[in-house]
Amino acid sequence: MNKEPVTRELFDQVMVPNYAPGSIIPVRGEGSRIWDQEGREFVDLQGGIAVTCLGHSHPGLLSALHDQAEKIWHLSNVMTNEPALRLAKSLCDLTFAERVFFANSGGEANEAAFKLVRRYAWEHHGPEKNEIISFKNAFHGRTLFTVSVGGQPKYLEGFEPAPGGIHHAEFNDLESVKKLISKEKTCAIVVEPIQGEGGVMPGDPEFLKGLRELCDEHDALLVFDEVQSGAGRTGHMYAYQMYGVTPDILTSAKGLGGGFPVAAMLTTAEVAKSLGVGTHGSTYGGNALACAVAQKVVDTISQPDILKGVKARSDRLRKGMMDIGERYGVFSEVRGAGLLLGCVLTEKWQGKAKDFLNAGLDEGVMVLVAGANVVRLAPSLIIPESDLDDALERFEKAVKKLTA
Ligand SMILES: Cc1ncc(COP(=O)(O)O)c(C=O)c1O
């Protein structure tokens, strides 16, 4: 076993430099607390970017992992397995879905969704109907297709040629979609009901309803990317249920595994037919260990008291951050839903979101950013209220120092 000291410096020596991690290296987590190599303790409002929805070392997830680990970890998709079938059934029972495809990451679930919309249109309408409408500032993953459907050109820079047939409309602006959509060419509209990476920007209910109507009028499929907004984060199993707008395809990842890599694409029986045998696949998709853990996540977060608890925690956190914002003149609004919140920096602090993240770390609280102007919070859905209060106290100290 390699016994070299593991330091932050090692990152620069052995890792591809596509990330710029902070100086601390967390080594242990329990609930919503994390400890680093030096034993410093942090309250975790990052949640692994909306992933660790039941916190760290959740006893139910640990036992699900252990139980399955002692049975069978992996089978190829030449065979199916019990955890995958059970999880697919649960996801169908809890949502509009009738069919499920499993993958390992949000990007991979979206890749499946984007291939499916093209294939469905190709089968039902012909090869001309292949255009996808998505939105500026959207984020759908880092594969070449998903980064192209995403609406942040910086992530595509230097990686062209990109897949074609993708048009970007303005988020929350139905007129801009109407200018791009056509019955002959548009096969799908792809949208995050709440843009996460793009600044925690909730879709207007009327806008999302309008997208549904436009899709119906133009024989196009509606895809909701709920990789960040799903798995209980909004206080609903999926955000579409909060909006009352049902997509044809929904992608889920992040919180679905509570920290174990797993993702799912949900759809109807009719649309699913277009991914027939051999058209698509994934070696690890439907991995038994991953699905057993995700099953426990789904069983837990779908409980009404957990979802209700998200709303209560959201109110407390939102109010706490708004109060801090007002006292120190740093936030103009706190937006988002449930436990996906974005604190928007005031004019004076524009571009400085990272400073808030770093100041928080100095005081023992982990927050996120979403771009340069938004401090993002995505803690565990079951974070104890006392941890929330502690986190707010620590964050206020950080803001006080930063603004002094
Ligand atoms: C809305 C959305 N879609 C897709 C992704 C990509 O997921 P992954 O990093 O698991 O590929 C993300 C990740 O942040 C996301 O927020």
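Which residues of strand E10 are buried on one side, and which on the other? The legends below take up this question and its surroundings.

**Figure 1. Overall view of the predicted chain.** The model is predicted: local features need pLDDT of at least 70, side-chain atom pairs count only at pLDDT 80 or more, and totals for chains, interfaces and linings use all residues. Residues are numbered from 1 along each chain as its sequence is written, and side-chain values use heavy atoms, with hydrogens and water left out. The chain holds 14 helices and 17 strands (DSSP runs numbered from the N terminus; helices are H or I of at least four residues, strands are E of at least two). Its C-alpha trace spans about 60 × 55 × 45 Å along the principal axes.

Figure 2. All five residues of E10 (residues 221-225) are buried. Leu 221, Val 223 and Asp 225 lie on one side, and Leu 222 and Phe 224 lie on the other. In a regular strand, side chains alternate between the two faces of the sheet.

**Figure 3. Close-up of the partners of strand E10.** Strand E7 (residues 186-191) pairs with E10 in the parallel sense over four bridges (two strands pair if DSSP finds at least two bridges between them). Ala 188 has Leu 221 of E10 as its bridge partner. Strand E11 (residues 249-252) also runs parallel to E10, joined by three bridges. In this pairing, Phe 224 stands opposite Leu 250 of E11.

Figure 4. Four strands are arranged in the order E1-E2-E3-E15. Strands E1 (26-30) and E15 (365-366) stand at the edges with a single partner strand each, so one side of each is left without a neighbour in the sheet. Strand E3 (residues 41-44) and E15 pair in the parallel sense over two bridges. Met 366 in E15 is the bridge partner of Asp 44.

Figure 5. Asp 93 belongs to helix H4 (residues 82-94). This residue is exposed, with a relative accessible area of 55%. The C-alpha atoms of Asp 93 and Asp 216 are separated by 24 Å, and the two residues are 123 residues apart along the chain.

Notes. Buried means under 20% relative accessible area, exposed over 50%, partly exposed in between (1.4 Å probe, protein chains only).
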